[in-house]
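Please look over the sequence and the model below, and then follow the topics in turn.

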Amino acid sequence: MKRYTSMRVGGPVSYLIYPCDEEDLVTILQVAWEEGVKYRFLGNGTNIIVHDRGLREVVIRTTRMQRVAYKKKNNGAIAQVSGGASLKGFIVNSARHGLSGLERLYWIPGTIGGGIKMNAGSFGSRISDLLESVRIVDKKGKIVSYLKSEMRFGYRESRIGPSECVLAAWFCLQNRDKNEIWKDMEYVYGERKKRHPMDFPSAGSVFKSVEGKPAWKFIEKAGLKGTSVGGAMVSNKHANFIVNAGGATAQDVKLLIDKIKQEVFEQSGITLEEEVEFWGFNG
Ligand SMILES: Cc1cc2nc3c(=O)[nH]c(=O)nc-3n(C[C@H](O)[C@H](O)[C@H](O)COP(=O)(O)OP(=O)(O)OC[C@H]3O[C@@H](n4cnc5c(N)ncnc54)[C@H](O)[C@@H]3O)c2cc1C
């Protein structure tokens, strides 16, 4: 799994399946349901840490489901985009059409489906902001649509459960001058480059904010910048990033996360909660 996750850790998986389209995916889920096969959905693997032992479940990777279509509406368009499409690619594509609204999410490296499940956000915007509706497939292979108001979006959460897959999403985008859109995207990219350790593998922010306060403040206060376990290190640039500084294992990352939680609790009385997901750590 180290080949399929941005942290570049994790052991083998027995089956990695790439559905080509919705029909394919529904068939896979119906078979899995009938045969009692366990599975997980993988987008771009940018928010997960997979155990060194690997995974027993089948992994269904959505990244070949890439359709994007725009339908003009009043001062903009409704964009329909597949769950496996790259969020960054979608934002770039929309910018080329002069369609605005998601610029502040530029350079989040996941897919649309992963972004919706996590309600990904940056620079004060969340993916749910301009979302109209979502089409999902449930564990029995049944297709269901939800309006945004039914999605139960919260801070890094939604109603999407582990056995449900986001097939497609609809966003309401506005017409805007292309140069202005690109200017904002470049600003966001510049800020991310300044703040984030982009030169090393990572899974982005490891911990959630605590009552609106960013987790990096607590980690920095505990003097943990640069602390390492094996090849995993608390970034010197951004304390809420753990980077794979070379040859890290999932165990290194997990031990470092536990150490951070313990030291932050001892120093600030704060219990940090992980934003990243652990796969395969519970037996
Ligand atoms: C350098 C870096 C910077 C980052 N910056 C940000 C940031 O600014 N803001 C932010 O919010 N996040 C950020 N992240 C984290 C990550 O990119 C987001 O959480 C992203 O939305 C995850 O998408 P993914 O496709 O990689 O999901 P994955 O990591 O593949 O999966 C994450 C979860 O979503 C589920 N999932 C994936 N696809 C689907 C689907 N189609 N349907 C249902 N469930 C699905 C998985 O089962 C899993 O539970 C960053 C990560 C990195 C590495």
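Into which domains is the protein divided? There are domain 1 (16-61), domain 2 (68-190) and domain 3 (197-279), with bounds that come from an automatic or database domain assignment. The model is a predicted one, in which local features need pLDDT of at least 70 and side-chain atom pairs count only at pLDDT 80 or more, while totals for chains, interfaces and linings use all residues. Residues are numbered from 1 along each chain as its sequence is written.

**Domain 1 and domain 2**

- The centres of domain 1 and domain 2, taken over C-alpha atoms, are separated by 22 Å.
- Twelve residues of domain 1 are in contact with 15 residues of domain 2, where contact requires that the C-beta atoms of two residues, placed from the backbone, lie within 7 Å.
- On the side of domain 1 that touches domain 2, helix 1 (22-35) and strand 2 each supply at least two residues; helices (H or I, at least four residues) and strands (E, at least two) are DSSP runs, numbered from the N terminus.
- Helix 1 gives the most to this side of domain 1, with six residues.
- By residue type, the side of domain 1 that touches domain 2 divides into five nonpolar, five polar and two charged residues, where Ala, Val, Leu, Ile, Met, Phe, Trp, Tyr, Cys and Pro count as nonpolar, Asp, Glu, Lys and Arg as charged, and the others, Gly among them, as polar.

**The shell around the ligand**

- The ligand is surrounded by 33 residues, of which the closest are G43, G110, G113, G114 and G204; a residue is near a molecule if its C-beta atom, placed from the backbone, lies within 6 Å of it.
- At least two residues of the shell come from each of strand 2 (39-42), helix 3 (112-118), strand 8 (121-122), strand 12 (165-175) and strand 13 (202-205).
- Helix 3 provides the largest share of the shell, five residues.
- The shell divides into eleven nonpolar, 18 polar and four charged residues.

**Helix 4**

- Helix 4 (residues 178-195) has 18 residues and reaches 26 Å from its first C-alpha to its last, close to the 26 Å expected at 1.5 Å a residue, the expected span being 1.5 Å times one less than the number of residues.
- Within helix 4, I181, M185 and V188 are buried; a residue is buried if 20 or more other C-beta atoms lie within 10 Å of its own, exposed if 12 or fewer, and partly exposed in between, with C-beta atoms placed from the backbone.
- Seen down the axis of helix 4, the buried residues fall within an arc of 60°, so they line one face of the helix; the arc is that of the directions from the helix axis to the C-beta atoms.
- The cover over these buried residues includes helix 2 (87-96) and strand 7 (99-100).
- On the other side of helix 4, N179, K183, E186, G190, K193 and K194 are exposed.

**Residues in loops**

- R156, in the loop between strand 11 (143-147) and strand 12, has a positive phi of about 55° although it is not a glycine, and R156 is partly exposed, with 17 other C-beta atoms within 10 Å.
- E211, in the loop between strand 13 and helix 5 (215-221), is a residue other than glycine with a positive phi, near 45°, and E211 is exposed, with 5 other C-beta atoms within 10 Å.
- N75 lies in the loop between strand 5 (68-73) and strand 6 (76-82), and the C-alpha atoms of N75 and N175, 100 residues apart along the chain, are separated by 5.7 Å.
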